[in-house]
Amino acid sequence: MSCEPNIYKIGVLSVYGEKENSIELWTPTADYLSESIPNSDFEIIPLDYDDFVLAVSNDEIDFFYANPMLYVEMERSYGSSRIATFQPMWNNSSYLGLGGVIFTRADRADINSLQDMKGKSFMAVSEKSDGGFLIPMGELLHDGIDYRSDIGSLTFGHTHDNVVLAIINGYADVGTVGTGTLEKMVLEGKIDMEDVKVLNQKEYENYPLLVSTDIYPDWAFAKTSFTPDDISKEVSIALLMLPSNSTAAMDLDSTGWAVPEDYSSIDNLMRDLRIGPYINYGMVPLAEVFIQHWYVFALIFMLFVTVEVHSRLMVEREKKLKLEASNKLKDLFTDIMRHDLLNPASVIKGFGNVLYVEETDDEKKRKLQRINDHTDHLISMIGSAAKLAKLESYEELEFEVKDVGAILRMVADRFSPDFAVKDIKPVFNLKGEYLSSVNATIEDVFSNLISNALKYSPSGTTIRFEIVSMDKNWKIKVADQGDGISDENKIHIFERFKRADKKGIKGSGLGLAIVKRVVDIHNGSVGVEDNPNGKGSVFWVMLKKA
């Protein structure tokens, strides 16, 4: 057995390019973790923004320390997850959270509120700074001010101190810096507090610093998606137990680390600002005429498809009346025409939501809502009928060797907004390729399993995706942390209209029946078992290796 220690790399965001300084400040923390966790050595890797994303995406680091927005982007894009939140110190006491300070020179009698900033020159730290730019821009947006169009000019000072001195010396009208900057510069003798005037000043209980914005979670210490859970737990415990008077804590101007906070407020702010993973959020690349009249075209199209699909199914039924498989499919089609499906088509629904939000007339909004409701129902039936029409002649379906791991990840990515809304973390344990001969309908299997896991999982939990080798098969697992399924229900849930008793959660009981039908076509198997790691269930699908 090798006695060589395991080496773990910690990527530290170096905001101003001072990488040597980052190594010096963080080395005591690396030494502390190396001493606290047996057979482990920790190494500090300072990274700027561009290097940071590459290091995470290429699996070059095991852990990282990043500002809130960069952490959220790494979580949404690469499956990283937080294990601790930084706990800064001020005046020998700890506090939680960060924000931004919007200020002007004290003698500017013409600037006393955020609205007075319109048309004025503005200086921030950098376009990627949370407290020094993005959080204050969110505050302006909530006050009806768009920095892209309402501010006279925007420049960046690159450091917080530079911004403060530029405003005091009259190089710009208004500036913004992170919380704690003004107080620190006063202590260092660089400025007097009488030199500046804070705009939109807010007060929060037990928060000791000047602030103009909402308070958000501080910087995060996180693990990448491929870092094993066992070492992550040990690192988390060690950080939470770090003594407040230790060199590792004091060198970072902190009292240590706190239990990881909820970063959904940061996620919402990024959505509002249309940055990071939300840079194209809400954009509809269609002609204005179609946007205004999409429901007319959609209804005509749906009526046509309904008639066409119904006609084809009736012809096929006449041809296969003596075949048992045809009778089962006929029954399933009839059932679908009498029940709603769980997952309406997302694209048309998206158009409806955009049109509904943009409409200002109450009567038109009411009519649009009714159209949306009926559209959901009709699309649900058409989509199911078209899907089952293909399944009816499954001997003619085309199968192609594909990586089912890549398909699983692609389908899961479509649910990214749903993961964010419920603050549920998707965790992928996928390495290499998992080749199998599949038809495109396999996406419906994964979509149903993920949708069910999201519905029955409480907020703040984890959904894990894993594929393991089982002799000549791949076993694809989707594990949630919900209430689980009783043994008496496990044997029935793949039957039509048989559901576990989940009060308050809508569904027709058809999703898992369709899952089983598609898996049967692939000559595979499907099942459910208890989550071995605690509460919840593990739904699995077995597919043959290619």
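Before the close-ups, a word on the model. This is a predicted model, in which local features need pLDDT of at least 70 and side-chain atom pairs count only at pLDDT 80 or more, while totals for chains, interfaces and linings use all residues. Residues are numbered from 1 along each chain as its sequence is written, and side-chain values use heavy atoms, with hydrogens and water left out.

View 1. Helices (H or I, at least four residues) and strands (E, at least two) are DSSP runs, numbered from the N terminus. Of the 546 residues, 48% are buried; buried means under 20% relative accessible area, exposed over 50%, and partly exposed in between (1.4 Å probe, protein chains only). Contact means heavy atoms within 4.5 Å. Among contacts with a separation of 6 or more, 74% join residues 24 or more positions apart.

**View 2. Strand E9 (residues 174-178) is mostly covered.** Here 5 of its 5 residues are buried. Val174, Thr176 and Gly178 lie on one side of E9, Gly175 and Val177 on the other, and both faces are covered. Two strands pair if DSSP finds at least two bridges between them. Strand E6 (residues 100-105) pairs with E9 in the antiparallel sense over 5 bridges, and Ile102 has Thr176 as its bridge partner in E9. Strand E7 (residues 121-124) pairs with E9 in the parallel sense over 2 bridges, with Met123 bridging to Gly175.

View 3. Strands of a sheet pair through backbone hydrogen bonds, either parallel or antiparallel. E16 and strand E17 (residues 473-479) pair in the antiparallel sense over 7 bridges, and Ala479 in E17 is the bridge partner of Arg464.

**View 4. Thr462 sits in strand E16 (residues 462-470), and Leu435 in strand E15 (residues 435-438).** Thr462 is buried, with a relative accessible area of 15%. Leaving aside neighbours within four places in sequence, the contacts of Thr462 include Ile424, Val427 and Ala479. Leu435 is partly exposed, at 31% relative accessible area. Beyond its neighbours within four places in sequence, Leu435 is in contact with residues including Val401, Trp474 and Lys545. The C-alpha atoms of Leu435 and Lys545 are separated by 6.0 Å, although the two residues are 110 residues apart along the chain.

**View 5. Lys202 forms a salt bridge with Glu139.** A salt bridge is a side-chain nitrogen of Lys or Arg within 4 Å of a carboxyl oxygen of Asp or Glu, and a search of the whole structure finds 22. In this pair the closest N and O atoms are 2.8 Å apart. Lys202 lies in the loop between strand E10 (196-199) and strand E11 (220-223) and Glu139 in helix H4 (residues 130-142), so the pair ties together parts 63 residues apart in sequence. Lys202 is partly exposed at 23% relative accessibility, whereas Glu139 is buried at 10%.

**View 6. Lys223 forms a salt bridge with Asp229.** The closest N and O atoms here are 3.7 Å apart. Lys223 is buried, with a relative accessible area of 6%, while Asp229 is partly exposed at 31%. Elsewhere, salt bridges that share partners join Glu75, Arg82 and Asp423 into one network.
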